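Please look through the sequence and the model shown here.

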Amino acid sequence: MLHVSRLGNGLTVIAHHMPVDVAAIYAFYNVGAKNEYPGIFGGSHLVEHMLFRRIEGLRGSVDELVEGVGGYFNGFTNYDYTAYVEVLPVEYAELGFEIESKRMINAVFDDGEFELERRIVLSEFDMNENDPDFRLMYRASMIAWDTHPYRYAVIGLRSDLNRVSRDELFRYYRRYYNPGNAVLVVVGGLGEDKAVELANKYFGGIEPGGESGVVKPWDDGLQGRVRVELKALSGETPRLLIAFKVPGAHDIDGLRKTILTDFIISGDRAFAYGLTSREPMAVPRSSRLYRLVEEGLGDAVYSYYEVTYMNNLYSIIIYNVKDPDKAIMRVEELLAERPSEMSWALPGRG
């Protein structure tokens, strides 16, 4: 059973005890691509990188501290939030609270480290550009929206990443990293009462302030259909991307329908691997979309869907597509086909 409490400075604490010998401490911040603006597209991700650099008050680096006790750490940024996690032996769980409390307010943003992380993020951008699936989905986002912050994906815009200053992103960090814009989640062998006690010890003295990352959902750009043909690079497999807008979590009824549609056409892969998979995933043979392979329209079919707050794209990629027009028509037929009772036992076989 979840224990939910709220500290006086606005920090929400969610704790859940399990009979295991480790504890996972997550800090979620309501800030991501949705909060970015011209000049800092990709900045949320770059801030995340900086928060693994020097943090005032810690007796060592995050990796030294966590790995020194046999733990695991990570961080990730998406369209709507940024998160950090430490998984530690339960006897060292307090370390996670110390790291996250100091990460919230004491990141240094050293000039030299900032330039190093800028180069690292730009190299990630380059690696993504070498992936034809990324190039296709990035182009689809550019077409789907005109000015919406989802337009450039989480990785952002190269020109912004090249130009944004250390001071601009430090102000961005100060604006959104605050107790009222964060949720602390503690799962594992640490008891709920102990988790709240440690949250108060390490976070209770942090003053409220800063801003909320809540935004009003909005949309713009693509209306109707757009078709774009891109020339593949030498040696790349020809592929077809079909992307269409689906409701975000702000439209809960629409989100339910999207998840049901995903289950019907893409099978149970989303439930097996998580709805927030960061790359296209192969659909199973039991899925409705796999019929495209069985019917010889392509050699493989992948799909990609990430639950987001605002409307986003649902993507279907057909590899070594034989007849793009026929494949598009067939996908539309599969989307329109009503599920039968048997489809609940074998997704997509309606």
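On the surface, M18, V20 and V22 make up a nonpolar patch, and together they have about 200 Å² of accessible area. Patches are built from residues with over 30% relative accessible area and no salt bridge, joining like charges within 9 Å and nonpolar side chains (Val, Leu, Ile, Met, Phe, Trp, Tyr) within 5 Å. A salt bridge is a side-chain nitrogen of Lys or Arg within 4 Å of a carboxyl oxygen of Asp or Glu. Accessible areas come from the Shrake-Rupley method with a 1.4 Å probe, and for residues only the protein chains shown count as cover.

This is a predicted model, in which local features need pLDDT of at least 70 and side-chain atom pairs count only at pLDDT 80 or more, while totals for chains, interfaces and linings use all residues. Residues are numbered from 1 along each chain as its sequence is written, and side-chain values use heavy atoms, with hydrogens and water left out.

V22 belongs to strand 3. Strands (E, at least two residues) and helices (H or I, at least four) are DSSP runs, numbered from the N terminus. With a relative accessible area of 40%, V22 is partly exposed; buried means under 20%, exposed over 50%, and partly exposed in between (1.4 Å probe, protein chains only).

Y29 also lies in strand 3. Is Y29 buried or exposed? Its relative accessibility is 1%, so Y29 counts as buried. Rings of Phe, Tyr and Trp (its six-membered ring) pair if their centres lie within 6.5 Å; planes under 30 degrees apart count as stacked, over 60 as edge-to-face and the rest as tilted. By this rule there are 21 aromatic pairs. One of them joins Y29 and Y84 edge-to-face, at 6.1 Å centre to centre and 75° between the planes. Y84 is in strand 5 (residues 82–89), 55 residues from Y29. At 0% relative accessibility, Y84 is buried.

Y29 also forms a tilted pair with Y177, at 4.2 Å centre to centre and 35° between the planes. Y177 sits in the loop between helix 7 (166–176) and strand 6 (182–188), so this pair ties together parts 148 residues apart in sequence. Y177, at 5% relative accessibility, is buried. Y29, Y84 and Y177 are among the members of one aromatic cluster, which also includes F52, F73, F109, F170 and Y173.
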